[in-house]
Amino acid sequence: MEPENQTAVSKFLLLGLSEKPEHQIFLFGLFLPMYLVTIFGNLLIILAIITDSHLHTPMYFFLCNLSLVDIFFSSTTVPKMLVNLWTQSKAIPFAGCLAQMYAFHLFGTMDSFLLAVMAIDRFMAIVHPLHYLAITSPRVCGLLVVGSWLITNLQSIVHTSLMAQLTFCAASEIPHFFCDLMPLLKLSCSDTHTNELVIFAFGIIMGISPLTCILLSYICIFCAVFKIPSAQGKWKAFSTCGSHLTMVTLFYGTIFAVYLQPASPTSLKKDKVAALMCGVVIPMLNPFIYSLRNKNMKAALRKLFSKAATSQS
């Protein structure tokens with residue numbers, strides 16, 4: 001039997017990272033610069049890749065898509081959080097909450113799929129260099145990205161559709177800075193067994209599949225590199241993987257550090273930390289990781305800045 005205080009909820013209240021008024025200005029001043037750096041940094045990466053013909057290769061095609069996804073990923077939660085901090089308003093419409101949940105899981109999962117595709121790209125370049133360009137043709141690269149979008153969209157649509165069918169109780173406070181699956185489920189008066197089952201199934205499939213691709217790719221890469229006789233050859237092969245390995249370590253390291261710990265009263269804080277790292281911090285770091293450690297990207301960015309300076313003079 002459903003509770004008597006059941007009602008049609010038209011909006012939710014996002015409690016955010018802190019309910020203390022004195023923290024609001026500090027959080028706004030912290031996350032606004034981080035968001036601007038994320039947007040402009042990733043846009044620079046995209047523009048550099050598009051405008052420099054030397055970067056029209058599979059690796060940079062995937063990087064361009066990763067930067068685009070990171071812009072969308074960060075924009076899913078941060079602008080709404082900044083508005084709430086600035087206006088001291090916590091409300092988000094029910095439809096907006098579902099849209100935010102859909103987008104967060106779409107772009108978050110897409111990030112992991114692109115990291116897996118980039119690992120496969122590095123595997124082909126190092127283990128099968130003679131066949132690399134033939135196998136990673138523009139058509140194949142396009143299909144890999146489109147396929148990733150279709151799969152991640154399917155997951156988000158299923159989660160959102162199931163959530164939209166639930167009935168929510170009068171209590172509408174979400175102890176998070178955005179609308180996420182589990183906090184929303186806890187507010188529902190309906191039977192959420194199906195939702196939890198689907199979350200578990202998709203979590204296993206969408207979580208393990210990309211990670212398995214990454215691990216298998218790098219096992220093969222390490223085996224191939226260790227067979228190279230010269231130390232210089234080994235370093236040259238490994239150097240093309242450095243930036244990608246850093247991103248993988250940050251992304252999955254955060255997930256493992258947070259979720260492989262036993263359940264505790266601080267689980268909600270762990271969820272917030274994981275969401276901030278994956279949706280705010282890592283997208284901001286992406287341009288720095290790929291520009292500071294990549295000679296080709298540095299050269300492309302210098303060309304981009306010199307063109308901009310020339311056009312203004």
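I count a disulfide when two cysteine sulfur atoms lie within 2.5 Å. The model is predicted, so I kept to its rules: local features need pLDDT of at least 70, side-chain atom pairs count only at pLDDT 80 or more, and totals for chains, interfaces and linings use all residues. Residues are numbered from 1 along each chain as its sequence is written, and side-chain values use heavy atoms, with hydrogens and water left out.

**Cysteines**

I searched the whole structure and got 1 disulfide. C97 and C179 form it, with sulfur atoms 1.9 Å apart. C97 sits in helix 3 and C179 in the loop between strand 3 and helix 6, 82 residues apart. (Helices are DSSP runs of H or I, at least four residues, and strands are E runs of at least two, numbered from the N terminus.) I read -115° about the S-S bond, a left-handed link. Both C97 and C179 are buried, meaning under 20% relative accessible area; exposed is over 50%, partly exposed in between, with a 1.4 Å probe and protein chains only.

**Helix pair**

I found C141 again in helix 5, among the residues that meet helix 2. Others there include G142 and W149, while F61 and V69 are among those on helix 2. Contact here means heavy atoms within 4.5 Å.
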